[in-house]
Amino acid sequence: MIRVGTVIVLIAVFAATLGPVLTPYDPSAQTLAQRLEAPSPAHPFGLDELGRDILSRLLSGARISLLVGLAVVSVSSLIGMTLGSIAGYFGGGVDDLISRAIDILMAFPGILLAIALVAVLGPSLRNVVLALCVIGWVGYARLVRGQALRAREFEYVQAARALGAGPARIVARHVLPTAYPAVIVQATLGMAGAIIAEASLSFLGLGVQPPTPSWGTMLDAGRSHLFDAPHLTVFPGLAIATLVLGFNFLGDGLRDRIDPKAET
Amino acid sequence: MPLLEVRHLVKEFSRRRGIFGATSVVKAVDDVSFTVERGETFGLVGESGSGKTTTGRCILRLIEPSSGDVVFDGKDVLTLSRGELRRARRDMQIVFQDPYSSLNPRMRVGDIVEEPLVIHRLGSKAERRARVRELFDLVGLNPDHLERHPHEFSGGQRQRIGLARALALNPSFIIADEPVSALDVSVQAQVVNLLMDLQQRLTLTYLFIAHDLRLVEHICSRVAVMYLGKIVEMGETARLFATPQHPYTRALLSAIPVPDPDAPRQRIVLDPNSFNRAAPLREIAAGHYAAT
């Protein structure tokens with residue numbers, strides 16, 4: 001499973017970095033005469049409603065998906081790890097404050113909150129990342145808090161305190177590293193979540209704005225041609241499903257590697 | 001002047017049952033007082049749950065005591081500011097019971113022993129490395145193994161690493177919290193001998209927390225017996241072992257295994273109602289105190 005996931009993710013990364021070199025067509029070049037043309041040897045995935053090559057657009061869309069995923073995962077894991085370790089290590093009032101914030105955000109349907117935020121801030125790629133981070137850090141914080149609560153009692157943490165180490169050093173050197181394996185798994189699964197969320201927001205017109213190709217906007221554009229030209233939606237849909245599946249496989253596989261007891 | 005003086009130390013843990021339940025208070029350490037003279041090994045013995053480990057951690061302020069005084073080398077440890085406490089910790093260190101959980105498994109052993117020097121910003125990188133090699137040598141480890149991880153060492157070797165870390169800052173006082181009870185008997189002797197050897201060479205003072213009475217008899221000059229958070233008897237080791245006064249001490253001493261299966265022995269079973277638990281410590285002979 002972990003191999004399948006790795007292969008899918010590697011292909012996506014490869015496509016995103018080399019995409020423009022791989023296809024002879026400009027993803028935004030329009031040939032209106034050939035609009036909605038079905039897949040052919042020249043255009044393996046066909047052409048869209050403006051006569052643009054769907055394969056080229058998918059490859060540049062992969063870049064958006066991965067970039068959004070990466071940005072959301074790195075920013076939210078950083079915030080989540082910081083707040084989670086502070087809550088878990090110090091406990092008391094700080095913990096109560098952070099834990100209640102986590103509880104409140106967990107009670108919200110994430111995607112609705114993101115939609116509301118983007119609606120207020122205005123649709124753009126940056127705001128999508130921002131909105132997804134606002135809800136994204138919660139998972140990491142909860143995870144790291146639990147680990148920090150446990151690690152606080154370890155004798156080597158006590159030893160570091162006895163040696164005179166300050167809280168920042170103890171958290172960074174002795175507490176956080178115990179959470180890294182779990183965070184890596186969470187981040188891999190978080191990539192899948194962020195990719196779906198970006199596609200959903202773009203589909204609703206709240207994310208990446210045309211003409212920049214994104215898998216979500218491509219789905220949206222194909223919606224009105226669902227019956228006369230299904231290749232407009234089938235290929236972006238398959239791309240989203242495959243990449244998300246890849247990240248989920250990778251995450252699940254990593255989890256099994258790290259904690260063999262949890263294997264099902 | 002004694003190196004360490006503990007006066008009326010109390011540590012209470014409060015726990016509430018449920019949201020509306022009553023708060024119950026457990027006195028883990030209940031009015032404990034003793035002194036440790038410079039250069040001696042003072043034993044603190046008792047069964048698990050008697051409060052001996054909590055007492056040790058309160059002295060280092062790894063746990064904040066509820067009340068009392070801890071005077072170390074003329075300074076009241078409990079009133080020190082954070083910065084002062086940091087400096088004070090260079091002089092008082094701890095060796096833990098479990099050699100497995102007391103070393104960070106993700107760090108190389110050389111970095112573990114170097115960490116105290118890094119924390120207190122002592123020396124250049126090269127000087128610190130040289131000091132770490134010196135410390136490895138001091139505790140009988142091969143200085144060429146600095147790059148290894150803790151899991152590559154045996155329990156006894158790990159305890160030596162923990163000791164090297166504690167000695168890195170040149171402390172004068174070490175709390176040894178059951179330092180050998182997690183080790184095999186054959187390895188115990190080696191580590192105990194190392195502790196005694198280091199005490200001679202570095203003029204260290206030990207607070208030795210243990211439940212193995214034979215070990216305490218072997219290495220401690222004075223000993224205090226704790227029971228349910230209180231010291232019930234305290235005095236010179238030889239005298240206390242020869243003429244135990246408190247019923248708990250007698251029961252504890254009668255439980256020491258005798259290395260002779262045919263030897264006649266009588267186990268004394270402690271009757272908790274046979275003595276007054278609130279009785280204060282009083283001097284029954286010169287330097288020998290008992291709560292009877």
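A: Happy to. Let's begin with strand pairing: two strands pair if DSSP finds at least two bridges between them. By that rule, strand S10 (residues 230-236) of chain B and strand S12 (residues 288-290) of chain B pair in the antiparallel sense, with 2 bridges. Keep in mind as we go that this is a predicted model.

Q: Which residue in S12(B) is the bridge partner of B:Met234?
A: Look for B:Tyr289, which is the partner of B:Met234 in S12(B).

Q: Which strand pairs with S10(B) over 6 bridges?
A: That's strand S9 (residues 222-227) of chain B, and the pairing is antiparallel. Within it, B:Met226 sits opposite B:Ile231 of S10(B).

Q: How many residues lie between S9(B) and S10(B) in their hairpin?
A: There are 2. One thing to check in the turn is B:Leu228, where phi is positive, at about 50°.

Q: Is S10(B) largely enclosed or open?
A: Burial is judged by counting neighbours: a residue is buried if 20 or more other C-beta atoms lie within 10 Å of its own. In S10(B), 6 of the 7 residues are buried, so the strand is largely enclosed by the rest of the structure.

Q: What is the order of the strands in the open sheet of 4 strands in chain B?
A: Reading across, the order is S2-S1-S4-S5, and the pairing is antiparallel. Strand S2 (23-36) and strand S5 (75-76) of chain B are at the edges with a single partner strand each, so one side of each has no neighbour in the sheet.

Q: How many bridges join S1 and S4 of chain B?
A: Strand S1 (residues 4-16) and strand S4 (residues 67-72) of chain B are paired over 5 bridges, in the antiparallel sense. To find one on screen, pick B:Leu4, whose bridge partner in S4(B) is B:Phe72.

Q: Now chain A. How many helices and strands does it have?
A: It has 10 helices and 0 strands. Taken along the principal axes, the C-alpha atoms of chain A fill a box of roughly 75 × 40 × 30 Å. Of its 264 residues, 46% count as buried. Among contacts in chain A with a separation of 6 or more, 70% come from residues 24 or more positions apart.

Q: What describes two packed helices?
A: The angle between their axes and the distance between the axes. Take helix H5 (residues 125-151) and helix H8 (residues 180-203) of chain A: they pack at about 160°, with axes 11 Å apart. Angles over 145 degrees count as roughly antiparallel, and H5(A) and H8(A) are therefore roughly antiparallel to each other. Their crossing is right-handed.

Q: Which residues in H5(A) meet residues in H8(A)?
A: From H5(A), they include A:Val128, A:Leu132, A:Gly136 and A:Tyr140, while those from H8(A) include A:Ala182, A:Gln186, A:Gly190 and A:Leu201. By class, this contact has 10 nonpolar, 5 polar and 1 charged residues.

Q: While we're in H5(A), is A:Leu149 exposed or only partly exposed?
A: A:Leu149, which is found in helix H5 of chain A, is partly exposed, with 17 other C-beta atoms within 10 Å.

Q: Last one: how many residues does each chain give to the contact between chain A and chain B?
A: Chain A gives 13 and chain B gives 19. On the side of chain A, helix H6 (155-162) and helix H7 (167-175) are the elements that give two or more residues. H6(A) gives the most, with 6 residues. By class, the side of chain A that touches chain B has 7 nonpolar, 3 polar and 3 charged residues.

Definitions and conventions. Residues numbered from 1 in each chain as written. Chains lettered and ligands numbered in written order. Predicted model: local features only at pLDDT ≥ 70, side-chain atom pairs only at ≥ 80, totals over all residues. Contact = placed C-beta atoms within 7 Å. Nonpolar A, V, L, I, M, F, W, Y, C, P; charged D, E, K, R; others polar. Axes fitted to C-alpha atoms, helices over the stretch in contact; angles between N-to-C directions. Parallel < 35°, antiparallel > 145°, perpendicular 65-115°, else oblique. Left-handed = near helix turned anticlockwise from the far one by under 90°. Buried ≥ 20, exposed ≤ 12 C-beta atoms within 10 Å, placed from the backbone.
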